[in-house]
Amino acid sequence: MGAGLFWGLILIVIGLSIIFKVIFDISIFRIVIAVVFILIGIKILIGKPVLKASISDDENVVIFGERTYKTLPLNGTEYNTVFGKTIYDFREVTSLEDLHTRLTFNTVFGSTEVILPDSIPVKIKTDAVFSGAVMPNGNTIAFGTSKYTSTDTMSSSQLLEIEAHVVFGALNIRK
């Protein structure tokens, strides 16, 4: 962050805080302090700087950005979306590389959409906290745990197992 950008943002925040304090009797300083604590908490949770870039250097992490994935990843892959939007469109996948593929999706203050192929059996476990999570069968969860298993899991040798966690965000898994 350059010095001009930094001082420009500081002056804008000071100006806005004066306007909000005089007109609306709202303390911007308290809001800024709260946002700083939230960003520090997110940094501790994910272990990486929060305001580094709109899309992280890590291929599987989206922070303050938007990304779309079209290919099914390898077994054990974990995806993270923080203050962003991510779409995982796996409709073109016809078979799994491993017979049992396990994926993890984490969404914090963001939106994640997972579009699954009809040809691959799937088993999903979703944990939601103050969120909206929609399963392929239409079940919705806002707080707690939800599970979904497609009907063809016993007749197929392949299985896509998804574990999803969503906190203050939206998750939509559909076929």
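Start by selecting Ile26, which sits in the loop between helix 1 and helix 2. Helices here are DSSP runs of H or I with at least four residues, strands are runs of E with at least two, and both are numbered from the N terminus. Ile26 is partly exposed, at a relative accessible area of 35%. On this scale buried means under 20% relative accessible area, exposed means over 50%, and partly exposed lies in between, with a 1.4 Å probe and protein chains only.

The model is predicted: local features need pLDDT of at least 70, side-chain atom pairs count only at pLDDT 80 or more, and totals for chains, interfaces and linings use all residues. Residues are numbered from 1 along each chain as its sequence is written, and side-chain values use heavy atoms, with hydrogens and water left out.

**The nonpolar patch**

Helix 1 has the largest share, seven residues.

**The whole chain**

Of its 175 residues, 37% count as buried. The chain exposes about 10,300 Å², with carbon and sulfur atoms supplying 63% of that area; accessible areas come from the Shrake-Rupley method with a 1.4 Å probe, and for residues only the protein chains shown count as cover. Among contacts (heavy atoms within 4.5 Å) with a separation of 6 or more, 60% join residues 24 or more positions apart.

Two strands pair if DSSP finds at least two bridges between them.

Arg67 and Tyr69 form its covered face, while Glu66 and Thr68 form the uncovered one. In a regular strand the side chains alternate between the two faces of the sheet.

Step across to strand 4 (residues 85–89), which runs parallel to strand 2 and is joined to it by four bridges. Thr68 has Ile87 of strand 4 as its bridge partner. Strand 4 is mostly covered, with four of its five residues buried. On to strand 6 (residues 111–115): strand 4 pairs with it in the parallel sense over five bridges, and Lys85 stands opposite Ser111.

Further along, select strand 8 (residues 132–134) and strand 12, which run parallel and are joined by three bridges. The partner of Gly132 in strand 12 is Ala170.

**The core**

Hide the surface and select Phe90, Phe105, Leu116, Ile124 and Leu160. Of the 26 residues in the largest nonpolar core, these touch the most other members. Strand 5 (100–108), strand 7 (122–129), strand 11 (159–167) and strand 12 (170–174) each supply at least two residues of this core, and strand 11 gives the largest share, four residues. A nonpolar core is a set of buried Ala, Val, Leu, Ile, Met, Phe, Trp, Tyr and Cys residues joined through side-chain atoms within 4.5 Å.

Centre on Ile124. Leaving aside neighbours within four places in sequence, Ile124 is in contact with Leu116, Met135, Pro136, Ser146, Lys147, Tyr148, Ile162 and Ile173.

Next select Thr107 in strand 5. Thr107 is buried, at 1% relative accessibility. Beyond residues up to four places away in sequence, Thr107 touches Thr81, Thr112, His165, Val166, Val167 and Ala170.

**Two loop residues**

Finish with Phe83 and Phe168. Phe83 lies in the loop between strand 3 (78–82) and strand 4, and Phe168 in the loop between strand 11 and strand 12. Phi of Phe83 is near 50°, and phi of Phe168 is also near 50°. Most residues other than glycine have a negative phi. Phe83 is partly exposed at 27%, and Phe168 is partly exposed at 41%.
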